[in-house]
Every structure is written in structure tokens, then in C-alpha cells.
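Trainee: I have a new structure to read. Can you show me how to look at a helix and then at pockets?

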Amino acid sequence: MTEHPGLDLMYDEMRRQGPDALATIEAGAPVAVRIADAVRRTGRIVLYAMGGSHHVNRIAEPLYRDLGWDARALNASEALLSPLPDTARAALVVSQSGESGEIRDLLKRGPGREERFGLTLEGDSTLARSARASIVAAGGTERAFAASRSIVLTLAMHGAVLEALGAPQDALRASLAEAADPAAVDAADAALAGVDATIFAGRHAMAGVAESAALSMMELARVPTIGFEGGQFRHGPFEVLRPGLGVVLFRSLGPDRAGVAPLAEAAVAAGCATVVFDASGDAPPPGTVHVPLRRGEGLAAAASMILALQHLNIAVARRTVPAGIGTPQRTTKVTA
């Protein structure tokens, strides 16, 4: 045993997340075809989840819209209080455990005209039993409290659905096959060592990456963070920019690409420790700490960023948590 048994479990998950994610894309293809048929038949798709699964849905949400579908990601808790109108649509109910309290409550309500499918790690869960069909990720239960492998597997499950809808995911496969180098984030960790809070921001699919990154660092390192969609970050929150604040930005080859440099310039000018996780291949914005990644967009860029962010979160946690990294103090793995 070490001082950080929860972190040991997390490392175990990280060691097998790439192969499990690649297997998930292939094994999930038959159910993904059924989901794609429902999307084409209804023209709509809603993505329900809670916690980290919701942030992965937020990564995928604009990618479904880019294919021409009416797509929205909705917290299950919001849907319980203010349900969507009962119209024909496909629904992806996403939960790593398949047992989150809000997910179970949502499933208790009749689907109406909604065609519900599950994305989960647990083939025997309430979600898998209740949905029309489910993509069940490879490798079984995630034992670590801090989500790592489950986030990557959820990206892979969305990749299977997007591929069935006509968006090839070869670039995602390449990203998943490439293990992140822990040393690549050393400079980013050093830059954030002197900050008292960190803001994450991205646009398009990278907005979901920013939200996921903020949650993961807050959960593992127990430091104050917040994730913003890049445009929202520019409207009002800029007043918080100051020395002692960390700003982490995400740039891909996608539609978000052009909007990152102005945000970086403003953050650097305000004295913020500014880090850019960059899958665009562009030159680093002046004054930033640059983390270059495999060039790509969409889920491929998101996967590269999340794999690298896992190592950044661990590095920050090692500075901020003296013992018990990855062992929860105030919550549980499955929130009832």
C-alpha cells in the first residue's frame, strides 16, 4: 500500500484505457447502427447524463450537430425537473455505472416517443436492462473513484455512434493508440504551481473538454477550478483575470481554432499563468506554456487532450494533496 491507494487504482485504469477504448469502438458498432437508424428516422438526438459523463456528452454534442442533426446534451437532473416535449427522437442515456440516482429516476419515467439507448460500462446495470439496447464498454467496472478510463471509454462509445452516422473515426483510433507522455505536462504543472484558481476554456467540442478538465482537476487535486465555453469566458468572466490565476485553453484543427489566440493574448496581458493544450499544429501563442499534441479535431483532439490532462491532474494533486489522492472524502463513486 502507498499513501495514495486511490491513485494506484487510477493508474491501473489508465494503463488499460487505450486498448479498452479501441475495443469498445469495434464491439459497439452493431448497437451504434441501431442508434444511427433512430437518429435518421427522427432527426433528433438528446444526450442525458450526470457528472463527468455529461461533460463528455458536451464534447460530442456539437459533432452530432455538425452532421446535421438536432442534438442537445442535457443533465438528467434538469430533465427530471423540466422534461423535454414528448417528440420523436433518439436518446443516449450515458452513465458509467448505469446506476446514478438521477439516471434511475429518469428511466422510471416512460420514454413516450423517445427511443432510449444506453452507453455504460456495466452490462448488468439498471440502464443496460432498461434501454432498448446499450453499448457496453470493454473492460468492465472502473474501480478508481477519480474518473479516467470511463471518460475515455465514453468518448469511444460516442465515436462508434458518430461513425455509424457517417463520420469516420480513424483519427480517434490513432489518438487512443498513442499513450500520453507524463513529461509533456511538466511545464504546465510548473506554470500552475503558483496559482490559487484555474479557469479552463474551449470552443465547439473543446468546450466539453474544458468542462471535463475543470471537474477532473477539482475532484482529484481539490483545488478551485471552473470550465467555460470560450465565448462565454469572454463575456464578463474576463474581469477576474489577474496575476495568480491560471488559464488553460484548448485548441484543435476544428472550428474553435481561430478563437484561441485572442483569449490567450488577453490572459497573458493580465498576468495569468496561461497554458495551451494544442492539437492545431499552429505556433504557440506568445507568452503561453505550450503543450503540443497530435494534430486533429473533434473526438480525436478531445482524446489526446484528455489523455494528457490525466497526467496534469495527477501532477497538480501531488502538490496539493498530502495523502489519499483519489480517495473521496465527501462523496461516493455512484451518487444515489
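Predicted model: local features only at pLDDT ≥ 70, side-chain atom pairs only at ≥ 80, totals over all residues.

Trainee: Which residues of helix H5 are buried?

Mentor: Start with the general idea. An α-helix has 3.6 residues a turn, so residues three or four places apart point the same way. Now the case here. Helix H5 spans residues 101-108, and its buried residues are Gly101, Ile103, Leu106 and Leu107.

Trainee: What covers the buried residues of H5?

Mentor: The cover includes both strands and helices. The strands are S1 (44-49), S3 (89-94) and S4 (114-120). The helices are H4 (76-81) and H6 (126-130).

Trainee: Now the pockets. What is the volume of the largest pocket?

Mentor: About 810 Å³. Its lining has 36 residues, and Phe145, Glu219, Thr332, Lys333 and Thr335 lie nearest the centre. Helices H3 (51-66), H7 (149-164) and H10 (205-221) each give two or more residues to that lining. H10 gives the largest share, six residues.

Trainee: How many nonpolar, polar and charged residues are in the lining of the largest pocket?

Mentor: Eleven are nonpolar, 18 polar and seven charged.

Trainee: How much space lies in the second largest pocket?

Mentor: About 310 Å³. It is lined by 22 residues, with Leu63, Gln169, Glu297, Gly298 and Leu299 closest to its centre. The elements giving two or more residues to this lining are H3, H8 (170-177) and H13 (298-320). By class, the lining of the second largest pocket has twelve nonpolar, six polar and four charged residues.

Key: Residues numbered from 1 in each chain as written. Heavy atoms only, no water. Buried < 20%, exposed > 50% of the residue type's maximum accessible area, 1.4 Å probe, protein only. Helix = DSSP H or I, 4+ residues; strand = E, 2+ residues; numbered from the N terminus. Contact = heavy atoms within 4.5 Å. 1 Å grid on protein atoms, 1.4 Å probe; cavity = no way out; pocket = protein on both sides within 12 Å on 5 of 7 lines; lining within 4 Å. Points joined across faces, edges and corners; volume = space filled by probe spheres on them. Nonpolar A, V, L, I, M, F, W, Y, C, P; charged D, E, K, R; others polar.
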